[in-house]
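Open your viewer and get ready to click along. Each stop below tells you what to select next and what you will find there.

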Protein chains: 2
Amino acid sequence: MPYRRTTQVQARLQATRDRIVDAAVRRLATSGWAAISVAGVARDAQIATGTVYRHLEDKDALLAAAFRRAAGRELQVVTDAASTEGPPAARLEVALRVFADRALQGRRLAYALLAEPAGAAVEAERLTYRAGYRALFHDILVDGLADRSIQDHDAEVVAAVLVGAMSEALVGDPVTSDDASPDDASRLDALVAACLRAVPFATPHPTTLVSTDDPGGSA
Amino acid sequence: MPYRRTTQVQARLQATRDRIVDAAVRRLATSGWAAISVAGVARDAQIATGTVYRHLEDKDALLAAAFRRAAGRELQVVTDAASTEGPPAARLEVALRVFADRALQGRRLAYALLAEPAGAAVEAERLTYRAGYRALFHDILVDGLADRSIQDHDAEVVAAVLVGAMSEALVGDPVTSDDASPDDASRLDALVAACLRAVPFATPHPTTLVSTDDPGGSA
DNA sequence: GTCTATAGTTCGATAGAC
DNA sequence: GTCTATCGAACTATAGAC
């Protein structure tokens with residue numbers, strides 16, 4: 001109802017935009033990119049169809065915003081998990097586990113974020129977020145080089161290897177719903193183990209950490 | 001006498017279609033997806049613009065065909081390289097090296113095939129070809145399990161890890177032209193080494209092509 | 001080949017806030 | 001009183017059916 005850019009109005013605008021993007025993310029997490037229609041999202045957000053365009057340029061902008069919100073949450077959760085005190089090996093393992101665990105918890109969303117064909121606008125966002133994960137892993141690897149817990153290696157390359165490995169391995173059958181499979185635990189262990197093997201730790205088995213908790217808590 | 005598609009006519013049609021797709025691939029390899037315009041491709045193929053649509057449904061079909069031709073060649077080359085006689089470890093290493101080497105030789109094309117935003121049609125093709133690489137690596141890993149040269153592991157997961165690792169690590173700066181960088185050789189070695197580390201070989205160093213302990217090895 | 005259904009986008013009218 | 005966010009119907013384009 002307000003009309004000018006007072007703080008009150010600004011907050012209201014922001015709240016409406018948030019409702020729009022959240023509605024899009026809900027549809028994305030349930031049914032993928034094709035489920036995001038402007039009219040449907042507007043209905044979910046309890047606004048008129050045309051109002052969507054007051055907040056987002058066009059549908060591509062809506063898709064990109066939905067991607068950024070969902071992917072941004074994931075990256076934040078993994079970043080937080082890796083920010084704990086402790087040796088690089090442990091931080092790396094927890095980052096990998098949290099990444100994989102959340103992807104398996106929300107398979108449909110993971111597929112949408114990691115692999116589902118979605119148009120060039122979303123593709124461009126994907127590249128940005130992959131770079132974010134690269135940087136996160138790179139930082140941990142450099143720490144490992146500094147404290148000699150990881151042998152000399154090309155941290156840029158290994159960081160990219162980790163990002164690619166996780167992304168590719170967690171793209172399962174898109175038809176599969178979010179139902180947890182009994183194989184999930186072993187697949188997760190196999191994936192984390194393979195990723196950790198790729199990192200040249202000074203000691204063969206740096207950690208025996210087994211942490212399956214989810215510090216992020218998806219709403 | 002009614003018009004029939006004689007083998008001769010069939011061959012000519014095929015040849016024209018091939019010229020169209022090849023022209024698209026040339027533009028792709030030089031300048032990426034944005035460089036593929038129907039008019040430009042038609043000019044390169046020395047046909048009228050409208051003729052393109054007699055061979056391909058629409059632009060998306062042209063893009064998809066260009067992807068399949070370029071990506072199909074790559075997959076074939078890697079498959080052939082991995083089809084040699086020899087232990088699984090050697091076949092895997094040569095497959096990885098050929099994959100990476102070709103990507104570094106043609107950076108622009110590699111970026112286009114592996115990562116460049118290109119629309120949903122091309123995206124869908126990408127998933128298909130990634131599955132092809134997964135199958136290729138999976139076969140080698142299973143061979144290694146059979147002859148005990150590779151320890152017990154989840155071959156599906158490790159195959160996915162290898163595909164993802166290679167794809168992600170070879171997506172360099174898209175601005176960079178195809179000029180070979182002096183770092184290429186060491187980056188390639190680092191990448192192949194990281195991938196091979198992810199595979200639990202029964203013996204630490206299955207081949208002498210890669211040294212994982214001493215970074216001092218000169219290429 | 002036409003027709004219809006669906007979905008993205010636009011726009012004039014309305015009403016509420018400064 | 002002026003300004004602008006909102007509404008929702010109309011417009012347009014495309015895909016699928018007959």
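Select B:R126 and A:E123 first: their side chains form a salt bridge, with 3.9 Å from N to O. A salt bridge here means a side-chain nitrogen of Lys or Arg within 4 Å of a carboxyl oxygen of Asp or Glu. Between chain A and chain B the count of such bridges is six.

Before moving on, a word on what you are looking at: this is a predicted model, in which local features need pLDDT of at least 70 and side-chain atom pairs count only at pLDDT 80 or more, while totals for chains, interfaces and linings use all residues. Residues are numbered from 1 along each chain as its sequence is written, chains are lettered from A and ligands numbered from 1 in the order in which they are written, and side-chain values use heavy atoms, with hydrogens and water left out.

Stay at the interface of chain A and chain B, where eight residue pairs are in polar contact, both residues at pLDDT 80 or more. (A polar contact is a pair of N or O atoms within 3.5 Å; within protein, one must be able to donate a hydrogen and the other to accept it, and residues adjacent in sequence count only if both atoms are side-chain atoms.)

Now colour α7 (120-146), α8 (155-169) and α9 (184-198) of chain A, the elements that each give two or more residues to the side touching chain B. Helices are DSSP runs (H or I, at least four residues), numbered from the N terminus. The largest share, nine residues, comes from α8(A). By class, this side of chain A has 21 nonpolar, three polar and nine charged residues. Nonpolar covers Ala, Val, Leu, Ile, Met, Phe, Trp, Tyr, Cys and Pro; charged covers Asp, Glu, Lys and Arg; the others, Gly among them, are polar.

Next, show DNA strand D. Which of the 10 residues around DNA strand D come nearest? They are A:A48, A:G50, A:T51, A:R54 and A:H55, where being near takes a heavy atom within 4 Å. Zoom in on the phosphate oxygens of DNA strand D: one is 2.5 Å from a side-chain N or O atom of A:T51, and one is 2.9 Å from a side-chain N or O atom of A:H55. At A:A48, a backbone N or O atom lies 2.8 Å from a phosphate oxygen of DNA strand D.

Finally, select chain A and switch to cartoon: you have nine helices and zero strands.
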